[in-house]
Each structure stands twice: as C-alpha cells, then as structure tokens.
Amino acid sequence: MMSFNISFPKTALATTLAASLALSAAQAAEVEVLHWWTSGGEARAANVLKELMEAEGYGWEDFAVAGGGGETAMTVLKSRAMSGNPPSAAQIKGPEIQEWGELGLLGELDEVAEAEGWDDLLPPTVAEIMRHDGSYVAVPVNVHRVNWLWANPEVLEAAGVEMPTTLDELFSAGEAIREAGFIPLAHGGQAWQDATVFESVLLATGGSEFYQHALVDLDPEALGSERMVEALETFKRLRELMDDDMSGRDWNIATSMVINGDAGMQLMGDWAKGEFTAAELTAGEDYLCAAAPGTQDAFTFNIDSLAVFRVEGEERDAQHALARLALEPIFQEAFNLAKGSIPARPDLDMSEFDQCAQQSLDDFQRTANEGGLVPSMAHGMAVRADVQGAIFDVVTNYFNARDMAAEEAARRMVNAAQAAL
Amino acid sequence: MSLSRCAAKPAAATGSRRSPSGLLQAWLPKLVLAPSIAISLFFVYGFMLWTFILSLTGSRMLPSYDFVGFAQYARLMANDRWWVASSNLVIFGGLFVAICLALGLLLAILLDQRIRQEGALRTVYLYPMALSFIVTGVVWKWLLNPGLGIQAMVRGWGFENFRFDWLVDPDMAVYTLVIAAVWQASGFVMALFLAGLRGIDDSILKAAQLDGASLPSIYWRVVIPCLRPVVFSAVMILSHIAIKSFDLVVALTGGGPGYASDLPATFMYAHAFTRAQIGLGSASAMLMLGGVLAILVPYLYSELRNHRHG
Amino acid sequence: MDNVIRQRTLGARIARVSLYAVLILAALFYLLPLVVMLITSVKPLAEITPGTLLSLPREPTLTPWIKAWGEACTGMRCEGVGGYFYNSIAIVVPAVLISTLIGALNGYALTKWRFKGSELVFALMLFGCFIPFQVVLLPMAQTLGWLGLSTSRVGLILVHVVFGIAFTTLFFRNFYVAVPTELVSAAKLDGAGFLRIFWRILLPVSAPIIVVSVIWQFTQIWNDFLFGVAFSAHNSQPVTVALNNLVNTSTGAREYNVDMAAAMIAALPTLIVYVLAGKYFVRGLTAGSVKG
C-alpha cells in the first residue's frame, strides 16, 4: 500500500493514508453516465463533474448520445433497460423520472440527500421532481427558463421600438420591424419550437393559473375553453411575424438570424444564450433578454437532472459520489455558465453570471414564492411523453394548417389529453 | 439480377439426382440452411409475433402485458397523423420506385452507348448509395431550403421570381423526400440495369437489327422485356428502402411542416420510443408489415413462379 | 449493346452531343450535395452564409478537417471522430465476412440442392429484408440481454449478421441460379460431397458476387446508426454514433464546416470502397447472368 502511495505525485501525497485506502478501494468503482451534452461548451462544462469524480478516485464512463433533444438517448436507455443492463446514471427529466421509478428501475439517493441537506438546499419545486415515492432518485443540475424573448438592439433601434412587454406590443413592434425591412420574429418550424412559442403565448393570454389547469392538470374544461381558443388564435397570428422559410429550421439558425441582424426577436429558452456567447456578444449590450411578452410574473422551468439506476456494491458508492458532486458549487457554476441556465441550488454567488441569468434567478425565487412558477409543457416537464406528443401534434398541425379553426384545434386538444391517458 | 431467360444459354438440367453419398450428404444442405432458417424464424417471425402481442397491450414506456384487445388499432384508425403517414408512404413509395426505375434504366441505356469516361460517370452515379442520410441529410436540407439553397442561389443569379419552396409547403414536402431518396438510390438501380444490359446476348439484338427494327423499338420490344428479372431485384431493393426510410425523414423534414411529411416508420418510432406508447407503436408496425405483405407477396409469388430460374 | 449509335451522320452527331449533355447533367445532380459538403468543409465558419452554398471559399482552410478528425467533441471526449474508426472496423469486418459466408452457403444450398419447399424457405428469408429496424430494437435488446451479449461487440456483430443474411442470401441465390447445374450434377455423380462441390466448383467462380455482397454489407453496416447506438457500450461506439453526437448537438453552437468535414471523414471508407470496387460491382452484378 505504502509503495503505491509513494509513487503518487506531490499533491496526492497530501492525502491521508485513510483517504488513499478509500481511493484504492474505490478505484474499480465507475459510473456509466448516459447524457446528451455533446456540444463543445456543454461537454467542457460537464467535464468538470467528471474531473471532480476522478479526483475522488471514481471512474467516469462517458456515454453520450445526441439527437432530438434527448430522444435518441431515451431510445438507447430503453433498449439498455430491456437488456437488463441500464447505465448507472442517465439524464432523465421531469415526469419521466416518475415513469422510470414506477418500473422499479431507479436507485435511491436518500443517504446523500440527508448528508448534504438537499431538503433545505433545493427549492421545493425542484426537490419534488427529483423524488419518487418519497425518496430522492435524481439530482438536478440546472434550471432553464423557457419563457424568454431575445432581441437584437440594433434592429429594435432601426425600427424605433422598445423591447415589448405585452403581446399587443409584440405585434406592434413586429409590424414596425417588418416595415424597417427585417424579419420580426425568428422561428424554426419544428414541433417542439412551435410548442415552445405556444406555451409562452398561452401563459401570456391566460396567466399561470390557467396554464396550470390546461397544460399541467389537463383539465378538459380549460383545454376547450374560450381562453384556449383565444390563445390559439394569438399564437397563429404570430405566424405573420415570421418568415416563410422557417419549416424544419433548427432553433440555433433562428438565433443566428437575430445575431446577424436579419431578424429582430426570438422566443426561445435560455439555452439560446449559448449561441450569443459563442458569437462573443454581451448580454444587455449586444443582445437583449426579457421575459416573453406578458409573462413577467411567470417562469416556465425546464430542469435537467441525472437519475440513478438500481445498482449494487462499489458502483453504488460511485453513484452517490456523483449525486453529491453534481451539486458542488464549482460544477454548478461552470456548467450553468455554459448552458445559459441558473444553478439548481439558489444559494450560490451569482457574480460570474450575466444579467439575464441574474434576472432569471430573481424571477425564479419571486415566482416560487408568489406563484407563477410552472413546468414547461414543450420541454417535457409538465405532462408525460404520450400526452406531450399528442399536444405537439395538435399545436404544430394547427400552426401549419392553412384552414383549421382555433375551435377545432381546442377540441382536438381536449381529445389529445384524453386519448393519451 | 439473373438473366437466364434472355441469355440464350442451353437449357438447364433439371434438379439433382440422388447420389449414393449417404444420408449425411442428403441432409447437409438442409443442415447448412438450418441456422439461417432458425434465425429467420426467431429474429424476424418471432419478433413480429412479439410485436403483434405488444400491439394488443397497453404497453407504455417499456413492454407490459396488460391486454386491451384491439383498442390500439382503433386508436390508430382514429389518429389523423397515422393516415397522413400512410398516404405519404403510398405517394413516396410509388414515386420513388417508379422514378428510380425510369431514371436508372435511362441512365443505364445511355451509359451503354460506348461512352468515354464511363467508369467515372458510373462511380458518380453510384456513390450516393455509399453515404447515409445522417451525412447527407443536412446538405439536402440546406439545398432545398428556399432561403438558403437552390431557390436563393437561382434568385441570386437574377431570376427573382424563381420558386422552389416545396420543403416548407405542407402539400409538397413529401416530394422533397422523393428527390433526396431518388438521388440516393437511382444510381444503384442504374448499376443493376447496366449489368443486365451487358448480360444480354448480342445475337438476339443482331437478329432484331437484321429484321429492320428501329433502335427505340429494339429497346422497347426486345431489351426491356429481357430485363424483367432485374426489375424484380430492383423493386425488391427499392421497396425495402422506401419502407425503411427513416433517417431521410428525420434529417430532411423532421416530418414537417407540422406532420405533413411523416412516414409510417417515423410514426412508429415517435410513438413507440419518444412518446412512450409502445402498444400504439406496435400496432402501427403490424399494419405497416401487413401492408408490405399485401403488396409484396403477390408480386413475389408471381415472379418466383413465372421465372423458376436454373 | 455497345455498337448501337455508330454512324457518323449529322443526326447521329447531334444525338451523341445530347447524349453526353444528359449524362453530364445527371452527374451534376448526383455531385451537387458532395460538392456543397466539400466546399463547406474547407470554409472558415464566418464564410458560411445563406445563398452562398456553392461559392468557393475565399480563404480555404483545412482546420475543420483537422478538428473533425482529432479535436471535436463527441461527448466529453474531445478527440474527434478518428478514434472511433477502430470500433467501426472491429464490428464491420467480422459481420461482413460472416454474413457473406452464410449467404454464399445458403444461396448454394437453395439452388444446387433444391428440395421440396426450398423456394418457400427463400421467400421466408427474403421477407426479413422488409422488417424495419425500429421494430426489432426492443425485442433484440431483450434477446441480447438473455444471451448476455448486451453492449458487447459480439452482440452487435450478431445483430448485423442476423439482419444481413436475408440480403446476402438473395445475392448469392440469384448468382448461383445461373451457374450451370451440369457441372454440379456431374460432380455429384462422381461422388463429391456438398462442401467439396461448393469449395471446388462454386467458390472459384464466385468472386464477382462476393464483391457485390461485401460492398453491400459493408455499406449497410458501416452506415448503421440505430443498432450501433443502442447495442454498443460507451467505449465501443461506432463512428456513426460519434458523427451523430458531433452534428446533432441539441443545445449548443454548431460548427457547420467541422460537421461537414466529420461527415466526409466518416463516409470515406464507404466512398473509397465504391470508387475502387465500383467497377467490380457492376461486373459482379453482370457476371451472375452470363454463361458460367
């Protein structure tokens, strides 16, 4: 044992003998982590977690599968689960954590949670999502806000408009931007992007309580109500502010239209910041962020988390270490700076973050206390995948159809919510 | 691929005579085939049966065995998106197979006219088959996008009114799938036909020429009928590509605008995997396979029956 | 068939020119995406703007290629797609060889040792071509789990062999059907056995169809993504999975020049196979039909 220790470089010598014993015992323990953080910035940020693990002597087997906002990764996860060989941890979020929990496949993290005081550390809304059957089964890594409006200040200036704060202002600003020769609203015509815009419009039209009834509780009365029809009509009107070529466009192309000054604004979650940052732009100066018009008092959240699968022995120790380290300030800061989101624990120093992120955290805490904090339907936080998919179908079909009445879409929405149950 | 009918070969001897080499020799061919048959029975037919059973259950995220009868099929029938996907497959599959056959045959006939640089041209026609749509999907998406690709380019050359916006038109998006799919597979069909043309016995053609038949009529009346077995192989390969088209849709249109360019394969995948409705996804898979059977079995039967080679 | 347009009349000359025009036009259609990929892959990111897909780079650069090969992130590893080549090769080579061998034996048994029901067996196997891979994903996962082969290379090879033999059998059967049966019958009368006849008579003439089968299988398996991503372990992912991770980042900036370079690199082996063996490919398809 000693000779082994001596061969270590100086820094390692500082560790106590006890630690080195623990180290050698844990050396074999590895976690295999399935995730879809594959872009350069994301990968570098996630790497911080890997390094923290390795510093404690645990191995990290990286199992990255990109594609379709995690769709491909989930397919792989299901096939791994079918073969009786799931990874030790996987990026699973929202209600899907409950589905995996119901299948009895998830491990529990209560020991870590207690030792680290997660109950106090995590906001109650976040903590609830991480628990199945009263036990922690997942650890949150960040909180994205979905209801953001991004804008190019030069375009706004050229059109002589301010950042819109209501839907009416959005439409009138859009008109002015178009007259100034720009595309008012950059958008990509993919189902999830349509749904992202739709839920922000619904939130603005009906408020967070109505949002909760309609898209979280799936109350048929709310889904088929006048307000829903109104939200759908407003949503469809937004098409007038978009360009004709949007079908199938990736969201980041839409963002780059804002960056290049071809388009004025974009409704998109805060991961859009990654694009602005990559273009070396500064928040508040080169680009503007504000809550989606009419949703200042609401916060649609999208939380990434790592759920752990049931394993035994040393792998379990490594799993627990992973859960503990995922909330380490150094990782939370690095990761969220790269992702554009805010840390999952609100007690961190935010001085490194830009003003959008700081506003995001303020709004998060404000809405958590006063109400208005709602899960994002478009990003799989509100309802299960089957209902979400059925709603996507209605929303995107209505948005792209030439002649579908909003009443008809609302009726289909009611059916979608019921059929999938 | 086999052209025995037109290759003017001597008549083939009929089947094998039983030779006195013992029981093992008699059984060896079947023994050799046995693993493949077992594999087919288990991995193809067994999995189909399993999928059928799942289609009768309410399986969600992972398979479960709570039987619900034919409820999933009823839901499927009531699903607007499924009907869009199915009719798209008919349009896409039909056009794709027809255009590939026509274009492949045309290029093969043209290439067969003592062309300089034939090898280079052939490689150029053939190479798309080597690439997967994970690779080429992005490029096609660019090319077909009105604001980025061909439309923008042609307008840039001064034709301001040029329009090519099928990709963003719900009624036309499915045809963009045809374009990209034809691009990928037609060269391969060309190779099949070219091989077929080269295999035709020259004496048949000489005879037709001596009869004073014109060139088009020689092709129409003598050559093309001889290519029938090639058409068979090509149709098999093309329909398999059409039915399995998945990467293409995902990469090019993502099923959009809306779900206007969805195909059954993407429908099945979206429901069984992304949307945690394995029961419904399995039902759609069964209907898809049923459709394949309904179209292919009669064709296969008539071809194998009429052309008992060898 | 190659002496049809020959006379040097004016009409024939016009026909000849338009013939070449059509062929070259078609070549441009097929080349277009490849050219766009190539041009994009040597452009600096700033030059990639709408409407200029076909304009040549002002400052050509090989940096995207270098990055794609050895530096781009495909997960937390930022070592490009280069390292994944070995994984792909280790899967493709055995899978291609095994499925080709089985296909050859099947095709031989189905044509030269016909028995009652052999056509039915062929038709049954042929149907295996038509099952969409998405349908078999979960049962396959379960089966691999039972066999203890999940996330192992052997398991992935097995999957590719299982779903490849329908095609290889189709190829070899159609080829062998045209090989004269007299030779085989004579050998049988001489007392030669099943394997001996295969080894001595069929295999020596099989080179062209082996090329066809190998090219087809190589392309299919090299380009496979679905099985590769679902059934490989974190350290044995094939190159398509790496490519997918590189080009399909969901929330993050995209570097199109690197994407295109990576796509070209990942496609190189199949492209090379097509360019080098394309000649034999057509010849192999032809050979099945001419006299043996």
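Author: In this predicted model, two strands pair if DSSP finds at least two bridges between them.

Reader: In what order do the four strands of the open sheet in chain A stand, and is the pairing mixed or of one kind?

Author: The sheet in chain A is open and is built from four strands, whose pairing is mixed. Neighbouring strands in this sheet are turned against each other by 20 degrees on average, with direction ignored. Read across the sheet, the order of the strands is E8-E9-E7-E10.

Reader: Which strands of chain A stand at the edges of this sheet?

Author: An edge strand has a single partner strand, so one side of such a strand is left without a neighbour in the sheet. In chain A this applies to the strand spanning 183–186 and to the strand spanning 288–291, which are E8 and E10.

Reader: Which residue of E9(A) stands opposite Ala186(A)?

Author: Strand E8(A) is joined by three bridges to strand E9 of chain A, residues 263–267, and the two run parallel. Within E9(A), the residue that stands opposite Ala186(A) is Gln266(A).

Reader: How are helices H12(A) and H20(A) oriented to each other, roughly parallel or roughly perpendicular?

Author: Helix H12 of chain A, residues 191–216, packs with helix H20 of chain A, residues 385–400, and their axes lie 9 Å apart at an angle of about 90 degrees. Angles of 65 to 115 degrees count as roughly perpendicular. H12(A) and H20(A) are therefore roughly perpendicular.

Reader: How many nonpolar, polar and charged residues does the contact of H12(A) with H20(A) have?

Author: From H12(A), the residues that take part include Trp192(A), Asp194(A) and Phe198(A), while among those they meet in H20(A) are Phe392(A), Thr396(A) and Phe399(A). By class, the contact of H12(A) with H20(A) comprises seven nonpolar, one polar and one charged residues.

Reader: Which helix of chain C gives the largest share of the side that touches chain B?

Author: The contact takes 85 residues from chain C and 92 residues from chain B. By class, the side of chain C that touches chain B has 57 nonpolar, 20 polar and eight charged residues. The largest share of that side, 15 residues, comes from the helix spanning residues 256–287 of chain C, namely H13.

Reader: How far apart do the C-alpha centres of domain 1 and domain 2 of chain C lie?

Author: Chain C is divided into domain 1, covering 10–61, and domain 2, covering 82–287. Their contact takes six residues from domain 1 of chain C and seven residues from domain 2 of chain C. The distance between the C-alpha centres of these two domains of chain C is 32 Å.

Notes. Residues numbered from 1 in each chain as written. Chains lettered and ligands numbered in written order. Predicted model: local features only at pLDDT ≥ 70, side-chain atom pairs only at ≥ 80, totals over all residues. Axes fitted to C-alpha atoms, helices over the stretch in contact; angles between N-to-C directions. Contact = placed C-beta atoms within 7 Å. Nonpolar A, V, L, I, M, F, W, Y, C, P; charged D, E, K, R; others polar. Parallel < 35°, antiparallel > 145°, perpendicular 65-115°, else oblique. Domains from an automatic or database assignment.
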